[in-house]
Structure formats: C-alpha cells, structure tokens
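Keep the sequence and the 3D view side by side as you read.

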Amino acid sequence: MKRTLLGLAAASIAGLAVTAPATSASAATGDFGPDTCVQGYVWREARPSDHVCVTSAVRTQTRNDNAAAASRWTSGDFGPHTCVQGYVWREAFSGDDVCVTPAIRSQARADNAAAADRKVSARLWINRYTVPPRDNGDGTSTTTSVDDIPRLKLSGDHYNFGQVKLYLRYNTGRTFWTGTVTAAAHGGFVGGSFGKKTGVFDCSGPGRPANGYAQAYDVVSGRWSARVPVRIGCAVL
C-alpha cells in the first residue's frame, strides 16, 4: 500500500495524549542518577565514592570491616597496613587495604564483576515488525493489517521488575502514543526486560529524518531511558 505522511493524522492513530509522570518522591528506590541500583540492592560504600550495588547485608558487613580496619593492621612485609594472620586486603577498589577474611574479598570481587547488571541503566531500543496474514485453515487468509508497513516495537532491559511506561513523542514534546508494560526476567537480558508492540507505523525512510523520539520511564526508581530518535506521524491511505 502507498504510504503518505500526514502529521495531522497522528492523533487518530495514537488515540491518546498524556503528560509525562513526575518523578515520585515515594518511589521504592528513587533516582540517584546513572548509579541507581535495581530493587534489592544498595551502594556498598567501601569509600564514599563506591557505588557498586550490593545487598544490604554486604553493605553492613562493609561498614563493620571499615570500622575494624585499624585493629586488623600490623607492621610487616607490606608495611604498617599488613593484615594480621587470617585476613587479606579487601581490594574492593584500587588501594583498598581494609583487612577482611578471604571469603569477604572474594565477595567484593564478585560484586565488582556484577556491578553493571545491578544498575537501572534503562536501556531502550527499537525493533520493527509487520502484521502477517491470518490463515483461515481453508486455503484462504485474511489479515488485520491494512498494509505491509513495518511498525515500531519498543524493547528494553536493565529496569526494575514492575511497571515501565513507554512514550512516543514529537520533538516538540507532544505525545503521539503511550503504553505500559511490565518488565520481567527473560533469558538473555539483564534485570527487568520487555518488548512492546506499539502498532505505530515506522515512518522513516530516505529524506525523512527523525521527527520524534521514544522514551521509557521506570516507575519504581523514577529513572528515564535515553531518547531514541524515531519518525512518526504517517497514515496509510
């Protein structure tokens, strides 16, 4: 089918226009910038700038180890901060010479390795899909699609488990489409992930630059994804 750009027809396709939610003060975790932890994790704080996300039990252990640091140091082969017998340097960060048990040092290394997967980085990307014909089972087929034009599917991971609000907006800020999805665990993706078919036509093409963007809002933390450029607002005649 022929595709014609009709910006004014967007409203009839979108059906809704809503305003963006404000960050809620009652959000379970709150937005602490790019180092915001997913549900169940908090900053380790082995030092003030240590934003590796760990369990509350590990943070408590870290604080206790920091408080006991001086009692576990002795003068020896590694200088005045040589660990007493049975302890090793924690090495949660470069230069971390707080003495802990070998098990705690192993935990610190494991937490460092998992750090990126425990943050609400709110990744968002766009896939395209088409609506295929439906087989009637009698040699004929019908379709709910009026054409073969690709539509936009919004996908993401590194969210909290729970509600994520999705938006397609013009660059002016006017909302074209909005939807809600529940981020959940899916194999091959980190944290809460999702894929949402919007039904909105992909209007991109040669000479048709992006005139809007897609964005996702993690309700639990109040974190927004980055804006992903899109071309929206075309109708099929």
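Start with helix H2, whose buried residues pack against strand S3 (53-54), strand S7 (99-100) and helix H3 (102-113). Packing here is a matter of contact, that is, heavy atoms within 4.5 Å. Helices (H or I, at least four residues) and strands (E, at least two) are DSSP runs, numbered from the N terminus.

A word on the source. This is a predicted model, in which local features need pLDDT of at least 70 and side-chain atom pairs count only at pLDDT 80 or more, while totals for chains, interfaces and linings use all residues. Residues are numbered from 1 along each chain as its sequence is written, and side-chain values use heavy atoms, with hydrogens and water left out.

Back to the helix. H2 covers residues 56-67, twelve in number. From first C-alpha to last, H2 reaches 17 Å, close to the 16 Å expected at 1.5 Å a residue. The expected span is 1.5 Å times one less than the number of residues in the helix.

Which residues of H2 are buried? They are Val58, Thr62 and Asp65. These residues cover an arc of only 65° around the axis, so they sit on the same side of H2. The arc is taken from the directions from the helix axis to the C-beta atoms. On the other side of H2, Ala57 and Ala67 are exposed. Buried means under 20% relative accessible area, exposed over 50%, and partly exposed in between (1.4 Å probe, protein chains only).

Helix H3 deserves a stop too. Ser106 is in helix H3. Ser106 is partly exposed, with a relative accessible area of 45%. Ser106 and Arg90 are 16 residues apart in sequence, and their C-alpha atoms are 8.3 Å apart in space.

Now step back to the whole protein. The protein has three helices and 18 strands. Of its 237 residues, 40% count as buried. Take the contacts with a separation of 6 or more: residues 24 or more positions apart account for 60% of them.

Next, the largest pocket. Its volume is about 160 Å³. How many residues line the largest pocket? Twelve do, and Phe32, Cys37, Tyr41, Val42 and Trp43 lie nearest its centre. By class, the lining has six nonpolar, three polar and three charged residues. Here Ala, Val, Leu, Ile, Met, Phe, Trp, Tyr, Cys and Pro count as nonpolar, Asp, Glu, Lys and Arg as charged, and the others, Gly among them, as polar. A pocket is found on a 1 Å grid over the protein atoms alone, as an open set of points where a 1.4 Å probe fits, with protein on both sides within 12 Å along at least five of seven lines; lining residues have an atom within 4 Å of a point. Grid points are joined across faces, edges and corners, and the volume is the space filled by probe spheres set on the points.

Trp43 is found in strand S2 (residues 42-43). Trp43 and Cys53 are ten residues apart in sequence, yet 4.6 Å apart in space, C-alpha to C-alpha. Leaving aside neighbours within four places in sequence, Trp43 is in contact with several residues, including Phe32, Cys37, Cys53, Val54 and Arg59.

Arg223 is in strand S16. At 14% relative accessibility, Arg223 counts as buried. Leaving aside neighbours within four places in sequence, its contacts include Asp31, Gly33, Pro34 and Thr36. Trp224 also lies in strand S16, and Trp224 is partly exposed at 23%. Ser225 lies in the loop between strand S16 and strand S17 (228-230). At 5% relative accessibility, Ser225 counts as buried. Ser225 touches Ala122, Leu124, Tyr159, Gln215 and Ala216, not counting residues up to four places away in sequence.

Finally, the backbone. Most residues other than glycine have a negative phi. Where is Glu91 placed? Glu91 is in the loop between strand S6 (88-89) and S7. Its phi is near 60°, a positive value. At 34% relative accessibility, Glu91 counts as partly exposed. His158 has a positive phi as well, near 65°. His158 is in strand S11 (residues 151-159), and at 10% relative accessibility His158 counts as buried.
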